[in-house]
Amino acid sequence: MSEQSTEQNMDNLNQTITSASDTATEKEFLDNIRQNIDAVDCEIQTLINNRAKLAQQVAAVKKSHTANSSTADSNPIFYRPEREAQVLKAVMERNEGPIADDKMARLFREIMSVCLDLEAPQRIAFLGPVGTFTHAAALKHFGKAADTVPMTTITDVFREVEAGTAMYGVVPVENSSEGVVNHTLDGFLSSSLKIIGEVELPIHQNFLVAEHTKIDGLSRIYSHQQSLAQCRHWLDVNFPNVERVAVSSNGEAARRLKNEWHSAAIAGDVAVAEYDLHKLYSNIEDNPNNTTRFLIIGHEAIAPSGQDKTSIVVSAHDKAGALIEILKPLSYHGVSMTSIETRPERPNKWAYVFFIDMNGHIDEANVSAAIADIRPLVKDLRILGSYPKAVL
């Protein structure tokens, strides 16, 4: 759809509205608008297919370059998180409405997902089962065209990606209400995988029932223990006498309703469609700003996107002031630290490692200099990854 043809369609629509006389029937008026909509739809469809053809050309170039390369790596990389982040940011920056910036970006996210699937289908492992918030984060980041595969544990997600069975993995790392997910941090201590992206997902909890649920006879409410905690006040007010049963995940909570007429579940939007449930109440979380951050894990290093984070893990010497020494180079080089977490350094007793997130990319001079200054101060330092900040 060329800019000229789009403007022409809009001019036609505006002329139709302006010239509509009092004698024109509503049907005639709407038919004219719908004809303009149909014309725009045809042009949009043509443009989407043109974009898909360009994506196929990109794939052909990458495959040809890899086939002619003398390096050992024979697998071209099709998913470029820094490129996708730049495209989505550009979409929002040039958006003029009436569609909201984030909704416009989500439309493009799905178009990009379909185009990437044409280049090379993407298999994404996530902490399952289906219907969890991690599943929702995987769909938000990779789009619905990706092949998302549920794993039983966070460790399984790491193993699936390490083995190459999945190209990338999605794991939760922290919640604004409940804090850090220790299993994810521990996963990096025994894995060489890198962080290649992040997703921030607003956590909206729904009170779900099945078609056969008898509301008056509810005797239990299933959900993950964190979700039950996040909805404690709402449950105290609305269902104070109904048993709350913690299960392994919200997806598991939703699944259980299939064979139980006396139960309800607390879960997110993805579970509604996956398990054919109904929202009895929406957004029941006590904190409306509750958000979970997820990490995308993979093998490759990521080029700068322009708005990035860098994550490192540091094993400090056992001495007074060790942490202060580590943080001084960040301040000296003007690097903003966004978070720091502590985990035991197994198998050593009373020894700890620090997970540090900072703004900027490792290729930026100040970030590189700060990390170089930290290295001689610690027993070990590993760069977990530099990656684009969450866009959506």
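This is a predicted model: local features need pLDDT of at least 70, side-chain atom pairs count only at pLDDT 80 or more; totals for chains, interfaces and linings use all residues.
Which residues does Ile296 touch, not counting residues up to four places away in sequence? The legends below answer this and describe further views.

View 1. Residues are numbered from 1 along each chain as its sequence is written, and side-chain values use heavy atoms, with hydrogens and water left out. Leaving aside residues up to four places away in sequence, Ile296 touches His141, Phe142, Tyr168, Gly169, Val170, Lys194, Ile195, Ile196, Gly197, Glu198 and Val199, where contact means heavy atoms within 4.5 Å.

**View 2. The largest nonpolar core.** Such a core is a set of buried Ala, Val, Leu, Ile, Met, Phe, Trp, Tyr and Cys residues joined through side-chain atoms within 4.5 Å; buried means under 20% relative accessible area, with a 1.4 Å probe and protein chains only. Of its 24 residues, Phe142, Tyr168, Val170, Leu201, Phe294 and Ile296 touch the most other members. At least two residues each are supplied by strand E1 (123-127), helix H5, strand E3 (168-175), strand E5 (194-202) and strand E11 (291-298). The largest share, six residues, comes from H5. Helices (H or I, at least four residues) and strands (E, at least two) are DSSP runs, numbered from the N terminus. A second, separate core of 23 residues includes Leu185, Leu193, Leu295 and Val313.

**View 3. Crossing of helices H4 and H5.** The axes of H4 (residues 101-119) and H5 (residues 133-142) come within 8 Å and cross at roughly 80 degrees; axes are lines fitted to C-alpha atoms, for helices over the stretch in contact, and angles run from 0 to 180 degrees between N-to-C directions. H4 is therefore roughly perpendicular to H5, a term covering angles of 65 to 115 degrees. Arg109, Glu110 and Ser113 of H4 meet Leu139, Lys140, His141 and Phe142 of H5.

**View 4. The buried face of helix H6.** Ile154, Val157, Phe158, Glu160 and Val161 are buried in H6 (residues 154-162). Seen down the helix axis, the buried residues of H6 fall within an arc of 160 degrees, so they line one face of the helix; the arc is that of the directions from the helix axis to the C-beta atoms. These residues pack against E1, strand E2 (147-151), E3, helix H7 (182-189) and E11. Gly164, which follows H6, has a positive phi near 85 degrees.

How values were computed:
Angles under 35 degrees count as roughly parallel, over 145 as roughly antiparallel, 65 to 115 as roughly perpendicular and the rest as oblique. Buried means under 20% relative accessible area, exposed over 50%, partly exposed in between (1.4 Å probe, protein chains only).
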